[in-house]
Amino acid sequence: MGIEEFLFFVFAAILVFAALMVVTIRNPVFAVLFLVLAFFTSAGLWLMLEAEFLAITLVLVYVGAVMVLFMFVVMMLDINLAPLKEGFIRYLPVGVLVGVIIAVEIVLVVGAKNFGLDKVVDPVGHEAGYSNTKELGRVLYTEYVYPFEIASVILLVAIIAAISLTLRKGRQTKYVKPEQQVFVRKEDRLRIVKMDAVKKQSAAEEE
Amino acid sequence: MLESILMLWGAIPVDLQTLLIIVAKILIIVAPLLGSVAYITLAERKVIAYMQVRIGPNRVGPRGLLQPIADGLKLLLKEIILPTSANPYLFIIAPVLAIGPALAAWSVVPFDDGMVLSDMDAGLLYILAMTSVGVYGIIIAGWASNSKYAFLGALRSAAQVVSYEIAMGFALVGVLLAGGSLNLQEIVNAQQGSLLHWFWIPLLPLFAIYLFSGLAETNRTPFDVVEGESEIVAGFHVEYSGMTFAVFSLAEYANIILICMLCALMFCGGWLSPFQGIPVLEGFFEFVPGIVWLLAKTSFFIFLFLWFRATFPRYRYDQVMRLGWKVFIPITIVWLLVVGAAVVFEIPPWFD
């Protein structure tokens, strides 16, 4: 067994373990952390496929941003887990049915019939100067430029929709408009009062 | 003696040899890094002290030079206190998660032409990914401590780091456009020529934004709302003591050095001599190795970080967020268009 195979099995084992823990562990914060571990190990697997751009982007986007926000939400929730776990037996048949259907579908589509070892060519290692990043960029911005642009516009629309859904007019906040804040003058805030000096009466009497 | 050592070395399998060489290189990078982290804490106290007309630490060793060692020893010998009903696993693992990425990012930083641990093609992306992973240490520390102040610090940190990462990422995209590569060595080599060929002129707004976002990412003043002493005591590490606390500050300072070195590499010509292209001076300073220039530039940026700390008051939290989202990100997007146009039209002297 070469070092590559050994690394693959190590990564694969950690990945499967982490994925199992995500769905079985009770504490949601731990579940998120195991999901992070799963992303990390799959990034390692992608690195071994010489897809360093995708691997690092997975870490950057999912681990570095998406999961941070996940953590953010999960930490804020004080979830009482008992009601969530009620009715396990009642919903079990439905859950098993859905799970089996999904598994069968996946096997039918990505099973050995379509993606068997005889269908897919062995990946060949590239020479030292090969840059996966460059190749990916070239394909994205030439061959697939329209799908790429359409996808980005859809994402933009989704962003705008999400923001406009959360934007509420006329809510009670103490937000100060920065443009007004910057132009505030001393005369608006400060009043200097001139007073005559007064001698303290009691102190004068004692002396 | 030497021959027998070489014999012994030859007897080791080749795979193990490469492994040993890599480990040795890692040690050569990490050991001076941790040493400079220790002495930056002293520099910080001294610089701020002189700016405030004080003397600063001057009791341990000559002129206080042994102060970091005393500090380190003290932290090492202190008890690590586990707060009641804190989550023990996460509480201990959080500092490790903070320092791991902070050190891992250094593997792609070049110190001179060819002097780099991993000459990775996607080096810039890798650094961005590693610096963004470091926030987990802070978030987990805040949550695991079971303390309201620590939790508030963690929440602030998560929001702040995610916001400023976007501006930082866009600044890096500008550098990648100008340098034509994600590899840090090639980016530096694209700045060959003279002081005026460095990217700080064509990328000036991105340079400033990168530097300030770096301040925000490493939780330094004026963006230190994460630690904001007057508001939330010490933020996420309020429950940490002894070595666990020390590891957090190690990670913070390692990140500061990293950001400063990246500023030097990406915008100020890295290891290139500032006297390049100047007739007499270029020959006169020929003997100086490139790494000295790189370290000098890095030290200047670190000094800026300390100077900012002594100068600026803390931003209010909503102002921090506004600056990140409504000022920095729009500026970077506009300037990316400018840089893109400059690259397409091959504006001299940078892009021809």
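Mentor: Helices here are DSSP runs (H or I, at least four residues; strands are E, at least two), numbered from the N terminus. The model is predicted, with local features needing pLDDT of at least 70 and side-chain atom pairs pLDDT 80 or more, while totals for chains, interfaces and linings use all residues. Residues count from 1 along each chain as written, chains are lettered from A and ligands numbered from 1 in written order, and side-chain values use heavy atoms, without hydrogens or water.

In those terms, α7(B) provides the largest share of the lining of the largest pocket, namely eleven residues. A pocket is an open set of points on a 1 Å grid over the protein atoms alone, with protein on both sides within 12 Å along at least five of seven lines, whereas a cavity is a set where a 1.4 Å probe fits but cannot get out; lining residues have an atom within 4 Å of a point. The largest pocket holds about 2,400 Å³ of space, a volume being what probe spheres set on the points fill, with points joined across faces, edges and corners.

Its lining has 44 residues, and those nearest the centre come from both chains: A:T57, A:L60 and A:V61 together with B:F170 and B:V173. At least two lining residues come from each of α3, α7 (132-141) and α8 (145-166) in chain A, and likewise from each of α5 and α7 (148-179) in chain B. By class the lining has 29 nonpolar, ten polar and five charged residues, where Ala, Val, Leu, Ile, Met, Phe, Trp, Tyr, Cys and Pro count as nonpolar, Asp, Glu, Lys and Arg as charged, and the others, Gly among them, as polar.

Turning to the contact between the chains (heavy atoms within 4.5 Å), chain A contributes 26 residues and chain B 28 residues. Chain A and chain B bury about 2,400 Å² between them, with 78% of that on carbon and sulfur atoms; buried area is the accessible area (1.4 Å probe) lost on putting two parts together, summed over both. On the side of chain A, the residues that lose the most area to chain B are A:I56, A:L60 and A:M75, which together make up 25% of what that side buries, and A:L60 is also among the residues nearest the centre of the largest pocket. The elements giving two or more residues to this side are α2 (28-48), α3 (52-76) and α9 (178-182) of chain A, and α3(A) gives the largest share, 14 residues. This side of chain A comprises 19 nonpolar residues, six polar and one charged.

Among the 22 residues lining the largest cavity, B:G134, B:I138, B:E217, B:E252 and B:N255 are closest to its centre. Helix α11(B) gives the most to that lining, six residues, and the lining as a whole has twelve nonpolar, seven polar and three charged residues. Helix α5 (123-133) of chain B supplies at least two residues to the lining of the largest cavity, and α5 of chain B likewise supplies at least two to that of the largest pocket.
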